[in-house]
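Subject: Structure handover

Hello,

Here is the structure I promised you. Please open it alongside this email. My notes follow below.

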Amino acid sequence: MHTIETSSFEPTAFNDFHQRPSIDQPSVCSSHFRSLTTTSTPERTRPKNLSRGDSTMFTINSRQEFLPGEPNGGAMRYKRHGGIFIRKWVAVALVFAVIALVTAVGLLVYYYAPGRSVVKTPASDELTWEVKTTTAKNIDEKSMRLPNQVVPSFYRLKIKPNFTNFTFEGKVSITLSTQLSNVKYITLHSRNLEILNGSTLIEQNIVTAPTISIDTILSKVRRATESDGPKPQAVNGVLSLNNSATTINDTSQISNSNLIGTTPKATNSIEILKPNSTGIVQKDEMSIRNEPQVLTQMKNNFIKIIHMEKNPSLDRLSFMLDTSLKSNTSYTLEINFMGKIDNSLNGFYRSAYKDIDNSTKVMGLTHFEPTAARKAFPCFDEPGFKAKFEISIARNKTMNALSNMPLQSEEADEKENIMWSHFERSVPMSTYLVAFVISEFESITANALPNQDNKYQIKIWTRKEMLPQTQYAAEIAPKLLKFYEEYFGLPYSLPKLDLIAIPNFAVGAMENWGLVTFQETSLLLDPNVSSIKLKKNIATVIAHELAHQWFGNLVTMKWWNDLWLNEGFATYMEYIGVNAIEPSWSMLDQFGLDRMNVLGLDSLQSTRPVSAPVNDDSLINQLFDDISYMKAASLLRMLSHILTPELFQDGLVKYMKEWQFKNAKQNDLWKAFSSVAGNTKLPPKVSVANFMDSWTLQAGYPVIDVTRHYENGTATVTQKRFYLYQPPKDDSNTLWHIPISFAVGNTKADSWNTTPNAWLEKTPRTIVLLPDGSNSTWIYFNIKAIGYYRVNYDYKNWKLLEYGLYDAPDEFPPVTRGQLLDDAFSLAQAGQLNYTVALDLTKYMIDTEKKLIPWYATLTNLQLLYMGLQRSSKYGYFQEYISRLVMPALKTFGYEPMSNDTTQETMLREQLVYWACLVEEQECLDWAQNYFTRWVNQTNPDQNNPIPSINRVTVYTTVLRMGGVKEFDFLFERFTNSNDAEVRNEIIVSLSSTRTTWKLYFLFEYSLTEMETDLTALVWSGIDSYISSTVAFSFVIENWDRIYAKYSKIEPQVFLYIIDGAFGNIATDQELFQFKKFIQDNKEDLAIVSMAIQKNLERAMHRINWAKTKMEDIERWLVKFSETKTTSVNEFSTLYGEYGSLKEMSQNFGEYLHTLIDDKKALESSIFMG
């Protein structure tokens, strides 16, 4: 699955520590026209939330407010009518004692009663925030996992939707068995389904049948089916014909059930029931032959179900049986049910869109990952319960139906005026991969590649009017499948592959086996309008989802704690796959850039291990994050370079072949790698499992500190966990096996090797011997950022690197330049390096840097300064710094796209233009306003937009920041008039850039009430200023009950973007106080987004501390930079004397440094900050 990502539509992300997965990763949401209806929300009995600006607690202003019914005035009279009189002070003492006792009892009950939710609200220096969710007493209450005594092997599923009242009827027959005795419960999953009466359980007993000609059987079936007499009857796939039995494609589909109502024609295959080695009946399909075959006959015994129990808190449906199940015996559980086709974006839900005639069309589709299959049918909804599926879908005659497998047959039910679509039996798969779509979409068929032999058919489906935009997907999908087949050494497993673009889809895409669902902007490309960046996004998403057809579908993780086995591999392979079909895009260099983004998230205390225990359903949804995707992919890339790519591929092939159609754990993967590589590539006594466990089972990552000993040519290398803010008091036991690679300044980059030169073997420090002759030049560790760690150097080496960049930047590959900049800024944020070192490092870029990766690393890190300095009197100096940094490069590239631009140049120009306009460079503002005015003056602006597609978001956000209501209204009208997903997404992600406060309130209200649900993430991700973040903060706090009522029941990914948008830029103590108050008041609601809340809390605390401790140094540097008008090279030539070249200057810098700094204490303090 590709998660919600928004950066396709905005050049940079402004939640400064919530960095997006990539500058060109897929977009979030497709588009359609549908107003979401609002429902009334019951008033909650919780303390009223504080709004921003209200920092006082609630008080009672008068006694009368507190006791409104108490009489006023009048003397009190007492008459003795018996009783006991005590002294006044005794009475007062007793009253206080009673109050104290009641209070103590109340607190004990509140905090220690069983099942009670407990929340700890952190103080300013605390980061722990925990929600313990309440669970009801039920079967297997100790775990959220289903009991594994009973396992399914086959589902026969029938779904009949009603798009008038948005309900559906269903029937599922599940073949299951147990290897245990004394099992009297069958427990499976069901959520929000009405289970109808009449569920049955049937034991299947095998009885040998005489040899019989298959042609004879088929002729009997045809005669019985076509006659006016009794029809063939089938139970659990067994067709009864005059006391004999067989099956035709599991002829339970011929059953005269109320749901199906019709009988499909006999087909050219027959099912033979055979016991396997365990005695469990299996069904193997064989082609019809005229010679006689040995068949089996089933004698069915009904097992009495004495009780059915529902447990909504755990989505459990349990059946208590009258007798115990027999081991190694097949049973069929048949359940009839009903459900609602809601608009929740998960389960079996509905979507709506406008067609070319502006008519509203409704479609039904599924999105089951991770735990929503149970909303569509009762099932064993865990990845470890793989089974085969046969699916039948009822539909209107004007619609078509798709599912995982090819269509087997269709039948008309004239009585109900519907058609039934019956699909072939699937391979074994997990329930989250089951899919079906009912729509009026049309398709094109991709052409098979040479030597592909048409062994499977690939189709691209979408709305009729969007069919011309499917050509690029149809072009690359066959290429990617062919590449993966060759890479993995295994063919694609199904006879067809459908790719379908969905309006109103919550995530980027979903890898359902054989029926991959996409957001429209993740699949559709207008070759005349769309940017190269969107083209790259589409290729990346398709490559990701097709890689899942092997990693995730063919081999599936056993449980969600190893989700990274699915998502990490698919993410890693998307780079390799796209690089294979589009080599000019430099995707492997792009990987290094995207790796920098996840390091920011993973430097928080609140991060998690790649593989971590999962004991709560809400945590499963939160695992779909950059840790499972990009960090896991980064670790796999690191392992590939240690083992060599060839051995890495051999290990993958072995793993895939051994575990195909099964469920695996991460140790199974390590064993496969060990078997092909041994320990030759790792330190002695360190296995692949030892090495990788140190990275997947521990949270965070290390920073290695390199302290050079220039006098003897060695370096001391130490490791510690890297924290962006406030490390724990004792974290010395967190250590990794770290591969160390390095290069020195007297070597060429093309000779650098990413294979480790040395190892830091889970020890705090080691001594590294450096090459001869390297004492006077720089040294650089972690070649091409292959290792998943940061590097800090002593002050002298940082300066040597800085001068190396001045003198010959091209001697450092672009990914290395970006890595050095990113490490320096991150270390400065964390207080481990002075900010002057990081900022000085950027000076070489002026007039020199022409590559995307160093620019993106720099500008991404400068977002924090941009947001923080907006509240500073020195913001003008920051604007000047950015202008001097970017304008020379912008003059080289120009504002307008060129026909011969590479992908990297196109994306770099976008970044430069965006930042020039962001800091209000007048030339850029005039350029943006000119384009916007030309658009406004078009006769038909909805059809004619003169702004180049790559620059549209930049122009929109610029005129919104500098303009007002008129610009907002023009763009909003274009949004409402358009039916194109890309156009709508580009506008909606920009609208929150307005500085008109009431328009921001309007936008957030619109996202809550009328906007399509999937577009909501774009609204909240576009927040890019103090003004918009302030309004977002207030809006969420003031409207939390409404937001929770709507989005808590919808796909959680959307909810997370609202949380990050509202709380991702907290920057003052007052805001932090209100955020904590909000957490305390809404502790139960926030359990479903607990990880996001914790991360935003930690980021807020870091941001506030950063402003207090780092801002003054930054402002001082900016002022000094403003006073220095010379270029970087001239500046340093003046400071350090006349040398023949800067390289000579760097070689003599060591001697100069000791001359410059006489104070030993000052020198020591310069080595490492903190």
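Let me start with a helix pair. H25 and H28 are roughly parallel to each other, because the angle between them is about 25 degrees and angles under 35 degrees count as roughly parallel. Bear in mind that this is a predicted model. H25 covers residues 1026–1038 and H28 covers residues 1069–1081. Their axes lie 11 Å apart. The crossing of H25 past H28 is left-handed. On the H25 side, the contact uses Tyr1026, Phe1033 and Ile1037. H28 answers with Glu1071, Gln1074, Phe1075 and Phe1078. Sorted by class, the residues of this contact are 5 nonpolar, 1 polar and 1 charged.

H21 spans residues 965–977, and H22 spans residues 981–988. Here the packing angle is about 150 degrees, and the axes are 9 Å apart. H21 and H22 are therefore roughly antiparallel to each other. This crossing is left-handed. H21 brings Leu971, Arg974, Phe975 and Thr976 to the contact. H22 brings Arg984, Ile987 and Ile988. That makes 4 nonpolar, 1 polar and 2 charged residues in the contact of H21 with H22.

Now the sheet. It is open and has 5 strands, in the order S24-S25-S26-S28-S27. The pairing is mixed. At the edges are S24 (442–445) and S27 (509–510), and each of them pairs on one side only. Further in, S25 (residues 457–462) runs parallel to S26 (residues 496–502), with 5 bridges between them.

Last, the cysteines. How many disulfides does a search of the whole structure find? The search gives 1. A disulfide is a covalent bond between the sulfur atoms of two cysteines. In this model, Cys917 is joined to Cys924, with an S to S distance of 1.9 Å. The torsion about that S-S bond is about -85 degrees, so the disulfide of Cys917 and Cys924 is left-handed.

Best wishes

Definitions and conventions
Residues are numbered from 1 along each chain as its sequence is written. This is a predicted model: local features need pLDDT of at least 70, side-chain atom pairs count only at pLDDT 80 or more; totals for chains, interfaces and linings use all residues. Side-chain values use heavy atoms; hydrogens and water are left out. Two strands pair if DSSP finds at least two bridges between them. Helices (H or I, at least four residues) and strands (E, at least two) are DSSP runs, numbered from the N terminus. Axes are lines fitted to C-alpha atoms, for helices over the stretch in contact, and angles run from 0 to 180 degrees between N-to-C directions. Angles under 35 degrees count as roughly parallel, over 145 as roughly antiparallel, 65 to 115 as roughly perpendicular and the rest as oblique. A crossing is left-handed if the near helix is turned anticlockwise from the far one by less than a right angle, and right-handed if clockwise. Contact means heavy atoms within 4.5 Å. Ala, Val, Leu, Ile, Met, Phe, Trp, Tyr, Cys and Pro count as nonpolar, Asp, Glu, Lys and Arg as charged, and the others, Gly among them, as polar. A disulfide is a pair of cysteine sulfur atoms within 2.5 Å.
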